[in-house]
Amino acid sequence: DPNSTTHFYKEYEMNALNARWSLRLNKPYSDGGSEDSTRVDKLHGWSMLPRTKSAVQVEPAGSLNDPTKPSKLWTVEVALPLKDLADASSPTLPRHGTFWRISFSRVEWNVEVNA
């Protein structure tokens, strides 16, 4: 949302398996907004995934989803396509001195493992 309008907000999600998903929201849900994504429309939904590069590393290797080997950390590296981030939000790509907002968050679910 480079114009700070909360319109045509983009979201990118990924997990430790490098499973990825993206969406474009035309305006906030509280203002009657609707999601544009491949989850809503498999064939024509908005997605920046074809042009997004990402990688994940979990340590120790082989510990993901294995309750006998607790994971110590996981790292992620992402290259987001600026053209897709600007789509429907900005007529130009960012230039030197341009201010865009971005937010990062992490969600963790507590689970119970029955071994």
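Residues are numbered from 1 along each chain as its sequence is written. Because the model is predicted, local features need pLDDT of at least 70 and side-chain atom pairs count only at pLDDT 80 or more, while totals for chains, interfaces and linings use all residues; side-chain values use heavy atoms, with hydrogens and water left out.

**Exercise 1. The overall layout**

Work out which elements the chain has, in what order they come, and how spread out the chain is.

Solution. Start by counting: there are 5 strands and 1 helix, where strands (E, at least two residues) and helices (H or I, at least four residues) are DSSP runs numbered from the N terminus. Next, read along the sequence to get the pattern β-β-β-β-β-α. The radius of gyration, taken over C-alpha atoms, is 17 Å, well over the 13 Å that the globule rule gives for 115 residues, so the chain is more spread out than a compact globule. That rule is 2.2 Å times the number of residues to the power 0.38. Then look at the extents: along its principal axes the C-alpha trace spans about 50 × 35 × 25 Å. Finally, 24% of the 115 residues count as buried, meaning under 20% relative accessible area with a 1.4 Å probe and protein chains only; exposed is over 50%, and partly exposed lies in between.

**Exercise 2. The sheet**

Find the strand order of the open sheet of 3 strands, and trace its bridge partners.

Solution. Remember first that strands of a sheet pair through backbone hydrogen bonds, either parallel or antiparallel. Here two strands count as paired if DSSP finds at least two bridges between them. The order is β1-β2-β3, with antiparallel pairing. β1 and β3 (35-36) are the edge strands, each pairing on one side only.

Now take the pairs in turn. β1 (9-14) and β2 (20-25) are joined by 6 bridges, and they form a hairpin with 5 residues between them. In that turn, N18 has a positive phi of about 65°. M14 stands opposite R20 in β2, and K10 has R24 as its bridge partner in β2. As for cover, 5 of the 6 residues of β2 are buried.

**Exercise 3. The largest pocket**

Describe the size, lining and centre of the largest pocket.

Solution. The idea behind the search is that rolling a probe the size of a water molecule over the atoms shows where empty space is left. On a 1 Å grid over the protein atoms alone, a pocket is an open set of points where a 1.4 Å probe fits, with protein on both sides within 12 Å along at least five of seven lines; lining residues have an atom within 4 Å of a point. The largest pocket has a volume of about 1900 Å³, a volume being the space filled by probe spheres set on the points, which are joined across faces, edges and corners. Its lining has 50 residues, and the closest to the centre are E13, M14, S105, R106 and V107.

Sort the lining next: 30 residues are nonpolar, 8 polar and 12 charged. Ala, Val, Leu, Ile, Met, Phe, Trp, Tyr, Cys and Pro count as nonpolar, Asp, Glu, Lys and Arg as charged, and the others, Gly among them, as polar. β1, β2 and β5 (73-79) each supply at least two lining residues, with the largest share, 6 residues, coming from β1.

**Exercise 4. Two serines**

Are S63 and S89 buried or exposed, and which polar partners do they have?

Solution. S63 counts as buried because its relative accessibility is 2%. Its side chain makes a polar contact (N or O atoms within 3.5 Å, one able to donate a hydrogen and the other to accept it; residues adjacent in sequence count only if both atoms are side-chain atoms) with the side chain of S71, at 2.9 Å.

S89 sits in the segment after α1 and is buried too, at 10%. A polar atom of its side chain lies 3.1 Å from the backbone oxygen of F8.

**Exercise 5. Sequence and space**

How far apart in space are S4 and F99, and R95 and P60?

Solution. S4, in the segment before β1, is partly exposed at 40% relative accessibility. S4 and F99 are 95 residues apart in sequence and 9.9 Å apart in space, C-alpha to C-alpha. R95, in the segment after α1 (82-86), is exposed at 58%. R95 and P60 are 35 residues apart in sequence and 40 Å apart in space, again C-alpha to C-alpha.
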